[in-house]
Amino acid sequence: MIDSFLMWSLAAFQNQTFIIAGKSMGALKRNVLQPMFQILNAKGIPYFYHRSEHYISIGSNVYYCFGANNESSQDVLQGLTAAGAYADKVALFPKSFVDQMVGRCSVEGSKIFMNCNPAGPYHWFKLEYIDQAKEKRILRLHFTMDDNFTQTARFTMITAIYGTLEGKMVLKVEYGDTNRLQRGKIQTVNDWNVEVTLTITATNAGLKYFCVEQLTKGKTPVLPFLIGETLDKEAGNSERVRISNIVLNPEEITLWEAKADGNDNATYEIKGMSNEKPDYLDKLPEYFD
C-alpha cells in the first residue's frame, strides 16, 4: 500500500507536503519506512531521510512522519497543509488525530490512504468510515489471509477454520514503600503477575480440536508468549506488550478438551498465569541512588 501512495503522490504533485503516520514512531519505522526505503531503492528513486526531524525528501515533495499514540498527538498537525496522507493501522489511532489529519489534507486533489486490522463492530473508525464508505466516496478494499500468497500452508489451513481465539490479560502489581537517603520514601514495585484468559468461540469443530492440540502438545500446558495491546481507558493510551511463559491450568485444559467434543457455535474459556515481567515494563527507566 505504501508503494501505491508513493507512486501516486510523486506522479500527481510537486513541491507539496504529505503526512505519513503510524501508531508510534517505532512502529512507523518498522512497518512503513523500512519497506518504503526498500521500494525506493529498488526503483532507483533518490530520497533523503532527515532522521532527527522526522521527514523524508523525495524529489520536490516532503513527507512528514508522525506517531499517533495519544490524544495530544493531533496537536503537531495543526497549521500543516498537506496534499495527502498515509495512515498505518489507523484503528489504533485516537479519533482526534484522524480528524485533524483529514482536515489538514486541504490541497485540491489530495487523497488519504489508510489501512487497519479488524477492531470491534462499534469502533469509531468502522462506524464513521467503513460503514459510510459510499456516502464519503471512500474506496474500501477488504483482504483476508488467503490473499497473502507468501503465507505457508499451515496458516492457510487455519484461515479455513472459522471462529475466533481471543486472549485477555489482567496485570496485578503489588507496590511497596522504599526509603532512599536523598529522596525519602518512594513507591516501588515489589511483585507482579499476569492473569490470562483465553476465549474460543468456535463455529467449526476443527478450530476447537486445533486449539486443544496446540495447547496440550508435549503434555506441558505452557504458552510460550502472547502479544497484544494494553489500553489505559482513562488516558486513552495503548501500548504493545508481550507476555511470556503463560502456565495454563491443567484441570481447565482437561475440561476444555472434553467440551471440544460437544456442539459447535459454543464459547469456552481457559485461564493461566505468568510471573514474568511483561516486555513493556523493561522500557521504564531504572532508579539509581
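**A walk through the chain**

Guide: Let's start with lysine 23, which is found in the loop between E1 and H2. Before we go on, this is a predicted model, where local features need pLDDT of at least 70 and side-chain atom pairs count only at pLDDT 80 or more, while totals for chains, interfaces and linings use all residues. Residues are numbered from 1 along each chain as its sequence is written, and side-chain values use heavy atoms, with hydrogens and water left out.

Visitor: Is lysine 23 buried or exposed?

Guide: The cut-offs here are under 20% relative accessible area for buried, over 50% for exposed, and partly exposed in between (1.4 Å probe, protein chains only). Lysine 23 has a relative accessible area of 10%, so the word for it is buried.

Visitor: Which residue's backbone oxygen lies 3.1 Å from a polar atom of the lysine 23 side chain?

Guide: A polar contact is a pair of N or O atoms within 3.5 Å; within protein, one must be able to donate a hydrogen and the other to accept it, and residues adjacent in sequence count only if both atoms are side-chain atoms. For the side chain of lysine 23, the backbone oxygen at 3.1 Å is that of leucine 92.

Visitor: How many helices and strands does the chain have?

Guide: Both are DSSP runs numbered from the N terminus, with helices (H or I) needing at least four residues and strands (E) at least two. On that basis the chain has seven helices and 11 strands.

Visitor: What share of the 289 residues in the chain is buried?

Guide: The accessible surface of the chain comes to about 18200 Å² (Shrake-Rupley method, 1.4 Å probe; for residues, only the protein chains shown count as cover). Carbon and sulfur atoms hold 52% of that surface. As for the 289 residues, the buried share is 33%.

Visitor: Where is phenylalanine 13, and which residues does it touch?

Guide: Phenylalanine 13 is in the loop between helix H1 (2–12) and strand E1 (17–22). With a relative accessible area of 11%, phenylalanine 13 is buried. Taking contact as heavy atoms within 4.5 Å and not counting residues up to four places away in sequence, phenylalanine 13 touches Trp8, Phe18, Asn61, Ala83, Val107, Glu108, Gly109 and Ser110.

Visitor: Which side chain makes a polar contact of 3.1 Å with that of serine 73?

Guide: Serine 73 is in the loop between strand E4 (61–67) and strand E5 (84–87), and at 8% relative accessibility it counts as buried. Leaving aside neighbours within four places in sequence, serine 73 is in contact with Gly67, Ala68 and Phe97. The side chain at 3.1 Å from that of serine 73 belongs to asparagine 69.

Visitor: How many salt bridges does the structure hold?

Guide: What counts is a side-chain nitrogen of Lys or Arg within 4 Å of a carboxyl oxygen of Asp or Glu. One of them joins the side chains of lysine 89 and aspartate 88 (3.6 Å, N to O). Lysine 89 is partly exposed at 28%, whereas aspartate 88 is buried at 5%. The number of salt bridges in the structure is five.

Visitor: Which residues do salt bridges with shared partners join into one network?

Guide: Lysine 95 and aspartate 99 meet at 2.8 Å, N to O, and both lie in helix H3, four residues apart, about one turn of the helix. The side chains of glutamate 128 and lysine 95 also meet in a salt bridge, at 3.7 Å. Glutamate 128 lies in helix H4 and lysine 95 in helix H3, so this pair ties together parts that are 33 residues apart in sequence. The salt bridges share partners, and the network is Lys95, Asp99 and Glu128.

Visitor: What is the phi of arginine 137?

Guide: Most residues other than glycine have a negative phi. Arginine 137 lies in the loop between H4 and H5 and is exposed, with a relative accessible area of 80%. Arginine 137 is not a glycine, yet its phi is positive, at about 55°.

Visitor: How many disulfides does the structure hold?

Guide: The test is a pair of cysteine sulfur atoms within 2.5 Å. Cysteine 65 is buried at 6% relative accessibility, while cysteine 116 is partly exposed at 30%. The number of disulfides is zero.
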